Amino acid sequence: MTNFPFAIVGFDLDGTLLNTLGDLAGAVNYTIGLEGRAPIPVDEVRPLVGGGSRKMLAKALEVTGGALPASRIDELFPRLLEYYEAHIAIETKLYPGGAQMLDSLASRGVQLALVTNKLEHLAVKLLGELGLSDRFYTIIGGDSLGPNTAKPRPDTLLEMRRRGVAGRAAYVGDTTYDTGAARAAGLPCVAVSFGFNDLPLAELGATAVIDHFDELIPTLERL
Ligand SMILES: O=C(O)COP(=O)(O)O
Ligand SMILES: [Mg+2]
């Protein structure tokens with residue numbers, strides 16, 4: 001056994017472990033194009049991500065000509081999911097240092113979890129395509145536990161703890177959905193500055209902020 005202070009470390013997916021921006025932008029632009037809307041530059045898709053892909057679609061419509069009624073979003077959303085599923089790992093990759101950091105945590109005996117607002121089947125597919133599935137003892141999505149359980153609700157993080165070993169847990173994320181869920185679940189949250197931060201870093205409410213995955217283990221050791 002090592003003296004590492006956490007038994008479980010959970011990771012958010014979009015904008016934290018993986019840079020999914022290019023493929024999310026591809027899917028959202030395809031979908032709003034069906035409605036005659038002009039594509040959104042990739043960088044401007046960043047602040048739309050975090051609350052799940054339906055929210056991303058609704059916000060994308062808002063900023064390209066106006067909100068649409070929920071009934072129309074209900075029709076468009078399956079098209080987005082279909083397109084994204086078929087183009088899920090074209091540009092998506094781990095942020096720098098990610099693989100090494102996961103190896104280092106695993107070598108310290110830490111259990112790794114993946115807790116995302118993405119739909120579970122999409123998270124499972126994406127991690128599988130990138131060869132990352134086996135690293136996680138559990139993959140929990142925004143829909144895994146039923147309605148109204150996605151972050152910033154604490155439910156998915158509490159479930160992560162239930163499914164894992166006893167001991168301290170920490171969460172790593174990039175948005176207020178993550179810091180809010182961690183706070184509600186009573187866990188420290190390390191925010192990554194390179195993700196899809198929806199507020200300035202100082203306002204995210206994170207326990208600590210890192211600029212590179214090299215900093216994660218030393219940061220966790222200080223918490
Ligand atoms: O799908 C989203 O909007 C967010 O997904 P995440 O929780 O992995 O950041
Ligand atoms: Mg995220």
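**Entry 1: the whole chain**

I began by counting elements and found 9 helices and 8 strands in the protein. I keep in mind that this is a predicted model. The radius of gyration came out at 17 Å, close to the 17 Å that the globule rule gives for 223 residues, so the protein is as compact as a globular protein of that length. I then looked up the extent of the C-alpha trace, which spans about 60 × 35 × 30 Å along its principal axes.

How many of the 223 residues count as buried? I got 42%. I also checked the contacts with a separation of 6 or more: 65% of them come from residues 24 or more positions apart.

**Entry 2: two domains**

Next I looked at how the protein is divided. Domain 1 takes in residues 8-20 + 92-222, and domain 2 takes in 21-86. I looked up their C-alpha centres and found them 24 Å apart. Where the two meet, 15 residues of domain 1 are in contact with 13 residues of domain 2. I sorted the domain 1 side of that meeting and noted 4 nonpolar, 7 polar and 4 charged residues.

**Entry 3: around ligand 1**

Which residues come nearest to ligand 1? I listed Leu13, Asp14, Thr116, Asn117 and Lys118, out of 13 residues around the ligand. The shell as a whole divides into 3 nonpolar, 7 polar and 3 charged residues. I was pleased to see both domains here: each of domain 1 and domain 2 gives at least three residues to the shell.

**Entry 4: helix α6**

I moved on to α6, which covers residues 120-129. Its buried residues are Leu122, Ala123, Leu126 and Leu127.

Just after the helix I stopped at Gly131, which takes a positive phi of about 70°.

**Entry 5: Leu105**

Is Leu105 buried or exposed? I counted 20 C-beta neighbours inside 10 Å, and 20 or more is the cut-off, so Leu105 counts as buried.

Then I asked which residues Leu105 is in contact with, leaving aside its neighbours within four places in sequence. The list reads Val9, Val110, Leu112 and Ile217. I also looked up Ala7: Leu105 and Ala7 are 98 residues apart in sequence, yet their C-alpha atoms are 9.7 Å apart in space.

**Entry 6: the loop between β5 and α7**

My last stop was the loop that runs between β5 and α7 (155-163), where I found Pro152. A cis peptide bond joins Lys151 and Pro152, and I read omega there as about 15°.

Asn148 is found in the loop between β5 and α7 too. I noted its positive phi of about 55°, although Asn148 is not a glycine. Is Asn148 buried or exposed? I counted 7 other C-beta atoms within 10 Å, so I wrote Asn148 down as exposed.

Key:
Residues are numbered from 1 along each chain as its sequence is written. Chains are lettered from A and ligands numbered from 1 in the order in which they are written. This is a predicted model: local features need pLDDT of at least 70, side-chain atom pairs count only at pLDDT 80 or more; totals for chains, interfaces and linings use all residues. A residue is buried if 20 or more other C-beta atoms lie within 10 Å of its own, exposed if 12 or fewer, and partly exposed in between; C-beta atoms are placed from the backbone. Helices (H or I, at least four residues) and strands (E, at least two) are DSSP runs, numbered from the N terminus. A residue is near a molecule or strand if its C-beta atom, placed from the backbone, lies within 6 Å of it. Ala, Val, Leu, Ile, Met, Phe, Trp, Tyr, Cys and Pro count as nonpolar, Asp, Glu, Lys and Arg as charged, and the others, Gly among them, as polar. Domain bounds come from an automatic or database domain assignment. Two residues are in contact if their C-beta atoms, placed from the backbone, lie within 7 Å. The radius of gyration is taken over C-alpha atoms; the globule rule is 2.2 Å times the number of residues to the power 0.38.
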